[in-house]
Amino acid sequence: MSLESLYREEILDHAKHPRNRGTLSLFDADGRAVNTLCGDEITIQLKWNSEGRVEEIVFSGTGCILSQASASMLTEFVKGKASLDLKNASREDYLDSIELHPTPSRLPCVLLSFEALQEALTRSTK
Amino acid sequence: MIMLDIQKIRSDFPILNREVNGHSLVYLDNAATTQKPRAVIEAMTRYYEHSNSNIHRGVYILSEEATEQYEDVREKVKKFLNVPQEYEVIFVRGTTEATNLVSHSFGESRIKAGDEILVTQMEHHSNIIPWFLLAKKKGARVVFARMTDDGELDFENFEAKLSSKTNLVSVTHVSNVLGTINPIKNIVRLAHEKNIPVLIDAAQAVPHLPIHLGDIGPDFFAFSAHKMLGPTGIGVLVAKKDWLEVMDPFLGGGEMIREVTEEGATWNDVPWKFEAGTMPIAEVIGFGRAIDYLRDIGMENIHRMETELVGYALEQLNGVDRIRIFGPRDPEKRGGLVSFNLEGVHPHDLASFLDSVGICVRAGHHCAMPLHQRLGVPATIRASLYLYNTREEIDRLVDGMRKAQAMFR
């Protein structure tokens with residue numbers, strides 16, 4: 001994927017104006033991922049509704065444009081989905097849906113929030 | 001004083017003709033590894049086409065040729081570094097293997113419970129981890145001498161930490177992040193006054209500075225071929241013969257023995273006692289050709305050229321908005337590399353942008369996490385120079401940085 005596609009307007013917008021950024025005082029599950037190569041870190045917190053679907057999800061942390069933008073897009077991807085669907089979501093499906101296919105060296109950046117989400121799902125009782 | 005003909009030098013390096021993303025290659029990651037002149041590549045190919053065979057064993061002409069070429073490089077290294085008689089040159093896989101060799105063969109028997117191994121905050125992981133491993137085994141401690149805010153060694157702190165418990169000192173000659181050139185002569189002198197042996201990590205020094213080993217006088221001195229125009233897979237540990245004679249072997253196997261029976265074995269003479277198995281022979285030969293190349297240009301000339309160029313780089317970089325440059329301000333106090341951060345632009349985003357315009361720099365912790373913790377940043381961008389870099393390339397770097405700032409603002 002070219003630099004122009006990787007850093008297209010949509011991505012820059014997500015990085016500058018992230019959706020669902022923050023923390024929850026009450027949540028059902030949380031997960032954290034750190035990229036020790038650069039110090040980027042993302043924490044995901046989420047709440048389930050009575051049907052076992054994601055009612056609320058937020059992210060916090062610091063990092064490069066790709067990690068922050070993908071975290072913002074992840075929250076939109078995740079909202080309303082059921083736990084099982086999320087646990088079964090493959091990396092490829094996820095990258096396809098957010099239309100980010102970076103070179104291998106930037107893959108950890110784009111997947112950082114996805115890893116945090118997987119940790120949250122693993123630790124969640126649902 | 002000889003003026004270096006940079007264009008002539010560049011024409012010796014095939015890879016510098018390469019285009020990346022439609023831009024001519026600007027390679028500024030020489031601290032990670034260096035490009036190879038055609039002569040080095042051809043020397044290795046010629047060896048494989050003409051003389052390839054195993055060394056020290058065969059009674060046939062190919063083996064004798066290979067052996068002679070291999071051992072010639074050992075002598076070449078000694079001449080290149082002005083190595084006095086009391087030292088020997090051991091071929092290893094690289095600087096990391098050299099530090100591990102010293103840790104195993106020297107440290108194992110020397111370091112006892114309660115001992116301290118003194119390093120600095122600016123060390124590369126290859127000069128930290130072997131000591132952590134050793135300290136854990138022996139119940140010893142690794143102590144870190146502090147750095148000043150300017151990125152120089154806090155010499156008073158180093159002196160203060162050289163305690164009665166210190167049994168080994170291991171220090172970098174030139175920092176791979178800050179570029180700081182450490183006062184290793186003084187460090188060796190101070191340590192030797194207390195009978196403490198010293199290892200110098202010279203990976204970023206030998207490629208860029210003229211070395212007179214006798215003036216420095218360390219016990220161990222390590223560096224890598226691939227950071228000085230040579231191939232990967234080969235490096236050198238220069239060590240005092242007195243130590244090497246009493247040290248246990250590092251790796252055991254063929255070539256490093258004299259006699260083997262079912263009861264045990266006796267060791268070969270130094271240096272071969274420390275060169276077990278089949279060494280990377282072609283790589284040693286390529287390395288020899290790299291030394292020739294550097295020697296023909298002259299290390300004083302290379303050092304002077306790099307100091308000028310890094311001075312230019314510092315000047316240009318200082319003009320960039322919101323930049324934070326790490327390490328000594330004075331180009332005379334630093335080697336040819338600069339690490340920095342751009343406020344508001346993450347190192348990975350900057351590096352990706354620069355890649356899109358053909359520029360290779362490194363983003364990350366550069367295998368120096370304790371150093372980055374001391375600097376208070378998780379990652380930096382590093383541009384590292386060598387004899388084939390130009391002012392035009394620095395201009396392209398700075399221009400790229402400004403464009404990235406505009407794009408990611």
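Which residues point one way from β5(B), and which the other way? E116(B), L118(B) and T120(B) point one way, I117(B) and V119(B) the other.

This is a predicted model: local features need pLDDT of at least 70, side-chain atom pairs count only at pLDDT 80 or more, and totals for chains, interfaces and linings use all residues. Residues are numbered from 1 along each chain as its sequence is written, chains are lettered from A and ligands numbered from 1 in the order written, and side-chain values use heavy atoms, without hydrogens and water.

**View 1. Strand β5 of chain B is mostly covered.** Five bridges join β5(B) to the parallel strand β6(B), residues 141-145 (strands pair if DSSP finds at least two bridges between them). V119(B) stands opposite F144(B) in β6(B).

**View 2. K76(B) and D292(B) meet in a salt bridge (2.8 Å, N to O).** Here a side-chain nitrogen of Lys or Arg lies within 4 Å of a carboxyl oxygen of Asp or Glu. The pair links helix α3(B) to helix α10(B), 216 residues apart. K76(B) is partly exposed, at 25%. D292(B) is buried, at 12%.

**View 3. E108(B) and K138(B) form a salt bridge (3.7 Å, N to O).** E108(B) lies in helix α4(B) and K138(B) in helix α5(B), 30 residues apart in sequence. E108(B) is partly exposed, at 24%.

Technical notes. Buried means under 20% relative accessible area, exposed over 50%, partly exposed in between (1.4 Å probe, protein chains only). Helices (H or I, at least four residues) and strands (E, at least two) are DSSP runs, numbered from the N terminus.
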